[in-house]
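Me: I would like to go through this structure label by label and hear what stands behind each one. Please set the values against the definitions.

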Amino acid sequence: MNASKYLAEIVGTFILVFVGSMSILSAVVMSAPVMLVVPLGFGFALLAAIFAVGDVSGGHFNPAVTLGALLDRRIRLVDAVMYLAAQVIGALAGSGAILVLANQSAVQATANHPGSGARDVQAFALEVILTAIFLLVILTVTKRDPGHAPIAIPLTLVVIHLAGIPVSGASVNPARSLAPALIGGDLGGLWIYLTAPFVGAVIGWVLFRIFERAEL
């Protein structure tokens, strides 16, 4: 049933957002190196989500990934819309759990914002580029080498965080950014993270199709 796919997207996105967000808070509380703990936190959270429920839904957990799958005709429009809704619900539940366990200030600390000294346009551009890379990897590995996808995709997310945290906070996921912004009550810069990943997803898909045609 499709209902099980939608539930899997809720659960998987919850795991990604909750565990990833907790890694941010843990790094702050324990005075641990953010550039080590947070990338690994989100990467391993995605790994856990994929192994937990990825076989049920395909393991999107990200509206940008769903857009890429839709463009490549791997998912129907009705399922894409439902996946998007499920991902937002899962992300809100993840940030909501942080609110219950801690407070609103803690949720605010997990929200994406341009880094110190970075302009909005720089954060936007980096989010586009990083999402394009992410989608290119996802679309390629899931088609050509699906057996390694559960490892390759989370490792790519780790690298994305290592590259992007200082400038954009490394979201590449509109649902992951929307949830802490809404629950934390700070919508500053949110437009970047609700638009750039979708632009990047389109670019990543276009590159994938170009390389696919080149091999024909």
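Me: Where is the place of Val199?
Reply: Val199 is placed in helix α9. A helix here is a DSSP run of H or I with at least four residues, a strand is a run of E with at least two, and numbering starts at the N terminus. The model is predicted, so to speak of a local feature requires pLDDT of at least 70 and a side-chain atom pair requires pLDDT 80 or more, while totals for chains, interfaces and linings use all residues. Residues are numbered from 1 along each chain as its sequence is written, and side-chain values use heavy atoms, with hydrogens and water left out.

Me: Why is Val199 called partly exposed?
Reply: Its relative accessible area is 36%. Buried means under 20%, exposed means over 50%, and partly exposed is what lies in between (1.4 Å probe, protein chains only). Val199, at 36%, therefore counts as partly exposed.

Me: Which residues make the nonpolar surface patch?
Reply: Val199, Val202, Ile203, Val206, Leu207, Ile210 and Phe211 make a patch of about 510 Å². Patch residues need over 30% relative accessible area and no salt bridge; nonpolar side chains (Val, Leu, Ile, Met, Phe, Trp, Tyr) are joined within 5 Å, like charges within 9 Å. The areas come from the Shrake-Rupley method with a 1.4 Å probe, and for residues only the protein chains shown count as cover. Val199, at 36%, is above the 30% limit.

Me: What makes Lys143 and Glu212 a salt bridge?
Reply: Their side chains meet with 2.6 Å from N to O. The rule asks for a side-chain nitrogen of Lys or Arg within 4 Å of a carboxyl oxygen of Asp or Glu, so the pair at 2.6 Å qualifies. The pair links distant parts of the chain, with Lys143 in helix α6 (residues 120–144) and Glu212 in helix α9, 69 residues apart. Lys143 is partly exposed at 46%, whereas Glu212 is buried at 11%.

Me: How many salt bridges does the structure hold?
Reply: There are five. One of them joins Asp72 and Arg74, whose closest N and O atoms are 2.8 Å apart. Asp72 counts as buried at 14%, while Arg74 counts as partly exposed at 37%. Shared partners join Asp72, Arg74 and Arg209 into one network. Another bridge brings together Arg76 and Asp79, at 3.2 Å from N to O.

Me: Why is Asp79 called buried?
Reply: Its relative accessible area is 6%, so Asp79 falls in the buried class.

Me: What is noted about the phi of Phe61?
Reply: Phi of Phe61 is near 55°, a positive value in a residue other than glycine. Most residues other than glycine have a negative phi. Phe61 lies in the loop between α2 and α3 and is buried, with a relative accessible area of 0%. Arg73 also has a positive phi, about 60°, without being a glycine. Arg73 sits in the loop between α3 and α4 and, at 79%, counts as exposed.

Me: How many cavities of 30 Å³ or more are counted?
Reply: The count is one, and about 30 Å³ of space lies in the largest cavity. A cavity is a set of points on a 1 Å grid over the protein atoms alone where a 1.4 Å probe fits but cannot get out; a pocket is an open set with protein on both sides within 12 Å along at least five of seven lines, and lining residues have an atom within 4 Å of a point. Among the residues lining the cavity are His113, Asp186 and Tyr193.

Me: Which residues lie closest to the centre of the largest pocket?
Reply: The largest pocket holds about 640 Å³. Of its 36 lining residues, Gly58, Gly59, His60, Thr142 and Ile153 are the closest to its centre. Helix α2 gives the most to this lining, with seven residues.

Definitions and conventions:
Grid points are joined across faces, edges and corners, and a volume is the space filled by probe spheres set on the points.
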